[in-house]
Every structure is written in C-alpha cells, then in structure tokens.
Amino acid sequence: TKTIKNVICTFCGTLCDDLEVDVTDDGKKILQVRNACAIGAEKYLHVGNPGRVIVPRMRQADGTYKDVSYDEAIDFTAKTLLKAKKPLFYGWSSTNCEAISAGNVLAEKTGGVIDNCATVCHGSSLLAIQDTGVPSCTLGEVKNRADRIIFWGCNPAHAHPRHMSRYSIFPRGFFTAKGQKGRKIICVDCRETDTAKVADAFVRIKQSYDYEIIDAFRTVLRGEEIPAEVGGVPAEKIKEVIEILKSGRFVTLFFGMGLTHTLGRNHNIDEAINFIRDLNDYTKAVLIAMRGHYNVTGAGQVLGWQYGYPFACDLSRLTVARHNPGETTSVDLLVRHEVDACVVIASDLAAHFPFEATRVMASIPTITIDPHISMSTELSDLHIPVAIVGVEVGGCCYRMDNVPIETRKCVDAPEGVLDDEELFNRIAKRVDEILAEN
Ligand code: SF4
C-alpha cells in the first residue's frame with residue numbers, strides 16, 4: 001500500500017486539497033480515502049465499480065447500445081459535427097481546463113456554440129460581475145480574516161460540506177484564532193436550511209424578495225428609514241443584521257443559486273455587489289459565489305481568456321465569438337431548434353435542463369462524454385467513457401474563489417480509456433483528416 005498526500009477532491013467547488021488516498025502498490029486500486037466529506041469520498045471509492053463503462057457505446061436502431069472502438073466513436077463524432085450546421089458543446093464543469101481548451105479548438109473548427117453549466121447556475125452572477133466589478137478575495141483570506149459571514153441563498157452544509165470547517169465558520173486562522181467563537185454567522189434564505197441552524201442570525205425572507213431585502217440593507221446602512229416590514233422581514237431584524245456587519249472587521253458574503261435564480265437574477269447580484277461596496281465605507285467586505293461543480297469556475301475562466309465571455313459563446317461565425325444570453329444560451333438554442341447536433345461533456349444536461357430542451361437534445365444527434373452513466377448518456381446516440389479528472393488524470397481546475405489548483409492522478413485509468421483532452425485532440429485531428437480528404 002502507498003499513500004498519496006495532498007490530493008485535491010474533484011467534487012465540489014471547494015476543491016479541498018488535503019485528502020490522503022491509500023492505493024495498492026501497482027497503482028490500480030483505491031483502498032481508502034481520508035479527510036474527504038461523505039460525497040467527496042464516494043467519488044474516489046466508486047472508481048473501481050465493476051459496472052463501470054470502459055468502452056464507447058453506440059445506440060442501435062432498436063434502442064439498445066452496442067460497444068464500439070474509440071476509433072469508431074471518434075470517427076462518428078467528427079462526421080456528426082461536420083455534418084451539423086451549428087453543433088452545441090455543453091457542460092465542461094467536471095473536467096480540467098486543458099480539456100476545455102482542447103474542446104474550444106474543436107468547437108472553432110466545426111463552427112459550434114460552446115456553453116457551460118453557468119448557463120443554468122451562476123451565469124447571472126458572471127453577467128453582474130462583468131457589468132459591475134467584484135470586491136472579492138481568496139478562501140484563505142476568509143479563513144484568516146473574516147469575522148462576519150453571510151450565507152445568502154446557499155446551503156453549504158449539504159452542497160459544500162467542508163466549506164464551513166475549512167474556510168467559513170469553524171476554522172482558526174491568523175487573525176481569527178477563536179474560530180467559530182470569534183465569528184458571527186448570518187444566513188438569509190426563504191427556508192430554514194441546516195446551514196441556517198448553525199447561524200447566529202437567520203433572516204427568513206419571502207421567496208424572490210432578495211432584491212428588496214438587499215435594497216433595505218443598503219437603505220439602513222445609509223441611515224435612512226425603511227417600512228416596518230420588507231419581504232417578510234421586520235425592520236428591527238434588518239437593522240440588527242446591519243449592526244452585526246458594521247461591527248465586524250472583515251465581512252464575507254457567500255451567495256448561491258437562491259440569489260442568482262430568484263426574481264431579478266443578475267440584478268440581485270448587481271445589488272449585492274453594491275451592498276458590499278457600501279459596507280466598505282464601514283469595514284472591509286467582499287463577496288464570493290458558491291460555485292457547485294468542481295471546475296465550473298475554470299470553464300468560465302478558459303472561455304473568458306479565449307473569447308472574452310465566460311459562457312454561451314457562439315463560434316459559428318468562425319472569426320468572432322458572439323455572446324448574447326437569451327440567444328446564444330443552451331436552453332434557448334435547444335428549445336428554438338437552432339442547434340442540430342449536441343456534445344454533452346462532463347455534465348448531465350438531461351438531469352438539469354427544462355423538459356422541452358432535453359426533448360430536443362434527444363431528437364438530434366447527441367454524443368455524451370462522461371465517465372459515468374447519466375440521464376444524458378441514456379438519451380444519446382453515442383456514449384464515450386473517459387478517465388476521471390482528479391482521480392485517474394490530473395490537470396488544472398479553478399476553485400470557487402478563482403484560484404487555479406493543479407489536481408493529481410491517484411490511480412491508472414482502466415486500460416485503453418482516454419482522458420477528455422486526448423479525446424478532443426483526436427476528434428479534432430479526425431475532423432482535419434476528413435476535411436483534407438474532401
Ligand atoms: Fe470534496 Fe467538496 Fe467535500 Fe471538499 S467539501 S471533500 S471538495 S465534496
């Protein structure tokens with residue numbers, strides 16, 4: 001047995017970097033995982049699952065799947081993409097930046113639209129951040145400095161289990177030696193989550209009244225009067241929260257889809273950013289989006305540095321990327337039948353998109369690239385299994401605070417299974433060959 005230390009957990013956007021993984025001497029099997037939370041550990045312990053798909057599967061006329069070689073799968077994918085007028089490449093949040101970059105090359109060659117999971121999660125946050133700017137910091141600074149934490153529309157107790165023990169509520173840092181005792185935790189949500197149960201103040205708001213509440217916070221901060229109740233919250237409670245925040249040395253607002261997907265969407269985030277800016281007149285204050293999949297932040301980074309926009313980039317004009325949420329976003333393209341082939345990669349479109357968008361996806365040629373069986377793989381014409389990033393292959397991923405972290409390989413992938421980057425390079429090469437032949 002050998003132990004690999006400082007392994008990066010590639011499950012959620014917290015990207016915990018302190019896992020210890022025991023593997024067999026031949027580097028083929030994971031025996032034990034330490035330090036991970038329950039969901040993180042499951043990812044590592046299920047790698048050797050005997051039911052795992054390790055060869056591509058092509059859908060047959062009778063609806064069953066037939067095993068095919070990687071060469072056949074690559075040829076089918078290249079031909080499908082070249083035949084399509086406008087293919088959609090959706091997903092990218094559970095793979096490394098190297099694969100995303102290689103995928104962008106393929107999308108450029110085939111004049112596709114490249115979009116990531118932000119399109120249905122923090123896309124509205126990214127729009128607001130591009131419009132307004134963002135006062136932010138790293139999770140390390142939160143651990144070492146923050147004594148006031150706000151969780152708004154997010155529930156890390158379930159979605160990011162170690163976030164609270166490593167960065168936000170419990171840890172003792174350089175200027176936060178008392179840990180939880182020295183911090184005040186405020187939770188704003190329309191329901192009492194498990195995170196709300198450990199908060200010092202829980203602000204229960206009426207659903208979709210987030211904008212009004214932030215506006216009321218800003219009004220109180222300026223010393224002006226507000227109505228007796230705003231969005232289901234008494235004025236006294238709003239004033240109490242503002243006093244807690246003003247008395248802190250370092251405030252961090254973590255926000256999730258409970259803020260980005262309620263009425264107002266990107267305007268909620270605009271308002272939250274402005275609230276944090278206002279708070280900086282009294283104390284240091286920052287905000288950080290609670291990103292879900294482990295490299296959804298990286299997907300936005302790669303698109304951002306290559307095309308200038310973090311999601312929904314239409315490359316069909318080949319010379320310039322177009323980005324127009326509502327027009328170049330995946331759900332809209334699918335429900336308007338504007339794409340005629342689909343590659344789902346490192347995400348499960350069918351599990352998260354509206355029914356109509358999923359129905360259209362299932363009606364056009366679709367290739368799903370995923371180590372696991374998912375709802376999308378079962379609606380696809382071709383399922384190509386790949387190596388698992390952070391377990392069987394390394395690569396760069398971005399934590400939720402935009403810090404790039406190099407993930408590690410712990411065990412070998414099953415023999416013959418390609419990784420995402422290699423697969424995209426080979427599809428792009430096959431596209432070039434077909435173009436040269438014709
Ligand atoms: Fe993995 Fe997230 Fe759990 Fe950390 S909190 S161990 S990154 S699933």
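Reader: Which residues in α3 meet which in α13?
Author: On the α3 side they are Cys97, Ile100, Ser101, Asn104 and Glu108, and in α13 they meet Gly298, Ala299, Val302, Leu303, Gln306 and Tyr307. The model is predicted.

Reader: How do the residues of this contact of α3 with α13 divide?
Author: Six are nonpolar, four polar and one charged. Gly298 belongs to the contact and counts as polar, because Gly is placed in that class. Glu108, also in the contact, counts as charged because it is a Glu.

Reader: What residues make the contact of α3 with α18?
Author: α3 contributes Glu98, Ala99, Ala102, Gly103, Leu106 and Lys109. From α18 come Asp420, Glu421, Phe424, Asn425, Ile427, Ala428, Val431 and Asp432. Seven of the residues are nonpolar, two polar and five charged.

Reader: At what angle do α9 and α10 pack?
Author: Helix α9 (residues 210-221) and helix α10 (residues 235-246) pack at about 65°, with axes 10 Å apart. The crossing is right-handed. Ala216, Phe217, Val220 and Leu221 of α9 make the contact with Ile238, Lys239, Val241, Ile242 and Lys246 of α10.

Reader: Why does the contact of α9 with α10 have two charged residues?
Author: Lys239 and Lys246 are in the contact, and Lys counts as charged, so the class count gives two charged residues beside seven nonpolar and no polar ones.

Reader: What makes a space in the structure a cavity?
Author: A probe of 1.4 Å fits there but cannot get out. The structure holds one such cavity of 30 Å³ or more. About 100 Å³ of space lies in the largest cavity. Its lining has 13 residues, and Cys9, Cys12, Cys16, Cys37 and Gly40 are closest to the centre. The lining divides into 10 nonpolar, two polar and one charged.

Reader: How many residues line the second largest pocket?
Author: There are 18, with Leu126, Ile129, Arg291, Met400 and Asn402 nearest the centre of the pocket. The second largest pocket holds about 310 Å³ of space, and a pocket, by definition, is an open set. α4 (123-132), β14 (284-289) and α13 (296-307) each supply at least two lining residues, and α4 gives the most, with four. The lining has nine nonpolar, seven polar and two charged residues.

Reader: What is the phi of Asn6?
Author: Phi of Asn6 is positive, about 55°, although Asn6 is not a glycine. Asn6 sits in strand β1 (residues 2-7). His337, also not a glycine, has a positive phi near 55°, and His337 lies in the loop between α14 (330-335) and β16 (341-345).

Conventions. Residues are numbered from 1 along each chain as its sequence is written. This is a predicted model: local features need pLDDT of at least 70, side-chain atom pairs count only at pLDDT 80 or more; totals for chains, interfaces and linings use all residues. Side-chain values use heavy atoms; hydrogens and water are left out. Contact means heavy atoms within 4.5 Å. On a 1 Å grid over the protein atoms alone, a cavity is a set of points where a 1.4 Å probe fits but cannot get out, and a pocket is an open set with protein on both sides within 12 Å along at least five of seven lines; lining residues have an atom within 4 Å of a point. Grid points are joined across faces, edges and corners, and a volume is the space filled by probe spheres set on the points. Axes are lines fitted to C-alpha atoms, for helices over the stretch in contact, and angles run from 0 to 180 degrees between N-to-C directions. A crossing is left-handed if the near helix is turned anticlockwise from the far one by less than a right angle, and right-handed if clockwise.
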